[in-house]
Amino acid sequence: MTASERDMDGRVVLVTGGGSGLGRATSLELASAGASVVVADLNAEGAKETGERIRSAGGSAEAVTLDVGDAAQVDDLLGRLFDEHGAGFDCLVNNAGTDRGADLPEVSDEQWHGVFDVNVHGPMHTSRAFVRGVLASGERSAPADILNVVSISALTVGSGAGAYNSSKAALLKLTEVLQTEARERGWPVRVCALNPSAMNTPMMDQWHLPEEKMMDPAQVARLIRVAVTLPPDMVLQTMVVTSRTENYPR
């Protein structure tokens, strides 16, 4: 790997939901660019496997078990990362997500609240702790990055996915508010919303989509790398990426 390819040398990145799917692909991609990646997942074994893959490829990784819906856990982890790395901890990828499909008459309170706990409360907890840490860590030469993996489902409608669609729409609005606050308050943070269509990940297994309808998460991970390595005076605010077989916009 040449120096020009290592455009994340010296940066510490937290990737939530890094134990599988897009989170794993993103962790591998950013590590290949030189970042030290903290792979966080509720599935401890999945996070550990991602970390081992990064290290076997010559990268730097730490695997941690994290429930993003638990604000105390989030605060403890991010507080430690800022204590250990200071301004070097400058990138947060909010990728953790869950989808528990059911038509509205059949959806249970546990399903509904469980989806919102991961897809909305989780990114709020991590983003809040991250911005607090960035503001407390003093001057920096380049803005810190928050990238929220939202979904094309925030912009479209799907039967049987009321909890997921609603949670992703809420996350997109939360991201837009955070973008506005960062700009108006002059915070050294830039915020990106990524809205991908279906990817070939374990979360999609319940929908039984044909492979040609799903994207390779490794390719989407490359877009995440682009977003968090733009020149300091640029920000990619919102990005929609779909397979060419997806009917969007509808």
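Glu139 is found in the loop that joins H4 and S5, where helices (H or I, at least four residues) and strands (E, at least two) are DSSP runs numbered from the N terminus. The model is a predicted one, in which local features need pLDDT of at least 70, side-chain atom pairs count only at pLDDT 80 or more, and totals for chains, interfaces and linings use all residues. Residues are numbered from 1 along each chain as its sequence is written, and side-chain values use heavy atoms, with hydrogens and water left out.

With a relative accessibility of 79%, Glu139 counts as exposed; the scale runs from buried (under 20% relative accessible area) through partly exposed (in between) to exposed (over 50%), with a 1.4 Å probe and protein chains only. A C-alpha separation of 32 Å lies between Glu139 and Ala47, which are 92 residues apart along the chain.

Ser151 sits in the loop between strand S5 (144-149) and helix H5 (162-185). Ser151 is buried, with a relative accessible area of 4%, and its side chain reaches the backbone nitrogen of Ser153 at 2.9 Å. Beyond its neighbours within four places in sequence, Ser151 is in contact with Tyr164, Lys168, Leu194, Asn195 and Pro196.

Turning to the aromatic residues, rings of Phe, Tyr and Trp (its six-membered ring) pair if their centres lie within 6.5 Å, with planes under 30 degrees apart counted as stacked, over 60 as edge-to-face and the rest as tilted. The count by this rule is 4 aromatic pairs. In one of them, the rings of Phe82 and Phe89 have centres 4.7 Å apart and planes at 55°, so this pair is tilted. Both Phe82 and Phe89 are buried. For Phe82 and Phe130, the centres are 5.8 Å apart and the planes at 45°, so that pair is tilted. Phe82 lies in helix H3 (residues 71-85) and Phe130 in helix H4 (residues 109-136), so the pair ties together parts that are 48 residues apart in sequence. Phe82, Phe89 and Phe130 form one aromatic cluster.

Finally, the second largest pocket holds about 180 Å³ of space. On a 1 Å grid over the protein atoms alone, a pocket is an open set of points with protein on both sides within 12 Å along at least five of seven lines, and lining residues have an atom within 4 Å of a point. The volume is the space filled by probe spheres set on the points, which are joined across faces, edges and corners. Among the residues lining this pocket are Met124, Arg128, Leu174, Glu181 and Trp187. H4 gives the most to the lining, with 6 residues.

Notes. A polar contact is a pair of N or O atoms within 3.5 Å; within protein, one must be able to donate a hydrogen and the other to accept it, and residues adjacent in sequence count only if both atoms are side-chain atoms. Contact means heavy atoms within 4.5 Å. On a 1 Å grid over the protein atoms alone, a cavity is a set of points where a 1.4 Å probe fits but cannot get out, and a pocket is an open set with protein on both sides within 12 Å along at least five of seven lines; lining residues have an atom within 4 Å of a point.
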